[in-house]
Amino acid sequence: MQQVKINQDRLWNDLMELGQIGVQEGGGVTRTALSAEDEQARQWLIAKMKAAGLEVRVDGILNVIGTLKAPHGNGKAMAMGSHLDSVPNGGRFDGAYGVLAALEVARSLKESGTPLPCDLEVISFCDEEAAHNAGTVGSRAMMGLLQEGELLKSKNEGGKPFIHHLQALGYDAAKIPSARRDPGELACFLEIHIEQGRRLETEQLQIGVVTAIVGVYRYIVTVRGEAAHAGTTPMALRNDALVAAAPVFTLLPEWTREQNPEMVGTIGQVTVAPGASNVVPEQCRFLVELRSQRPEDMQAVRDRLYAYASARDGWTIETIYEKDSVLLNDELIQQITQAVQQQQLAYVQMPSGAGHDAQSLAPFVPTGMIFIPCRNGISHNPAESISKEEAGQGCQLLLDSLQRVAARYA
């Protein structure tokens, strides 16, 4: 196997350059899916891919796919990637590192003239970060996992659905179904990501070899009351939607702790209508997210939420999606682990508590995932940080792992 080296400085320069798209005062990045900044990043990546000699296409859901063609391919493709979109005022590395590390791997292989047994794809998936409350939209569309009507009812904080923003950028929503692919086209999928936790740093480890990805269930709860004048309506005569909803804000943590101490439940978004200081709220709308490695945990808490709502007037619940946890491919875990051992890096095999695009592909395509440490475990935050050396070390591991996997298909 020919030893190919990545260009650490080039990878780091790409990360710094991309990090200026959507940069905020204080150093955070806002590049939410289907925003102008997200589109700017998409076009930036397309230019980088073309400059690297990749064939580039954008599918119907706005996934960007750059392909390094194999002269004598076997009709399949090995794939790597992640996402470029960010949370509001997030960091520079979540998702972006995975895309640019994959690009650097493809670029290094092409420059070295190393033959591959099949095509190599670098994929940037659209809307991983749930800007419209859905999440992993691009990867789920590719695997045919979007639920009917989901992209119309999944809305951002401004109340506009995914399809509205896609069309506002000049793209055709009718092409969304064309993003679906036959999973048989892909021989494997590899994703590298910052850990977004403290385990690697705390245990002084350099690499996490991911074994499983947590399940995520997400719901929109709407509570209806009656608008009234806040000054003239006595407390006893009010039907305040926010007050009616409020008990769930403390009940949800109790339900999750009772079900499983390792499970988490979050209400991360609350909106009140009409939203005026002198009007009793007539509607409260909030987002409930449940995460666990065990589907039965999420189902149990979901059932408690539904039972609570059904016993009250004016409550409705919509399911955004229910994604169960997935196990990653044993063979790829083994190949990545052997590559780590060959580099003599300190590592651990571990599950992921965050969702990733790899989760969408894993049930259909052999999938593996690598974590590198992030400073203090901080992510989704302007303070999110990795070092140039950590970025390069992980990227080299991604390349070495890919070459090991490629040898299986030769």
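Contact is defined here as heavy atoms within 4.5 Å. The model is predicted, with local features requiring pLDDT of at least 70 and side-chain atom pairs counted only at pLDDT 80 or more, whereas totals for chains, interfaces and linings use all residues. Residues are numbered from 1 along each chain as its sequence is written, and side-chain values use heavy atoms, with hydrogens and water left out.

Helices (DSSP runs of H or I, at least four residues) and strands (runs of E, at least two) are numbered from the N terminus. In α1, Arg10, Leu11, Asp14, Leu15 and Leu18 are in contact with residues of α3, among them Tyr97, Leu100, Glu104 and Arg107. The residues of this contact comprise eight nonpolar (Ala, Val, Leu, Ile, Met, Phe, Trp, Tyr, Cys and Pro), five charged (Asp, Glu, Lys and Arg) and one polar (the others, Gly among them). The axes of α1 (residues 8-18) and α3 (residues 96-112) come within 10 Å and cross at roughly 140°; axes are lines fitted to C-alpha atoms, for helices over the stretch in contact, and angles between N-to-C directions run from 0 to 180 degrees.

An open sheet is formed by four strands in the order β9-β11-β7-β12, with antiparallel pairing (two strands pair if DSSP finds at least two bridges between them). Because β9 (264-273) and β12 (315-323) stand at the edges with a single partner strand each, one side of each is left without a neighbour in the sheet. Strand β7 (residues 215-224) is joined to β12 by eight bridges, and Arg218 has Tyr321 of β12 as its bridge partner.

Two helices lie across strands of this sheet. Helix α8 (residues 241-259) lies across β7, β9, β11 (283-292) and β12, at about 10° to β11. Helix α9 (residues 295-310) lies across β7, β11 and β12, at about 5° to β7.
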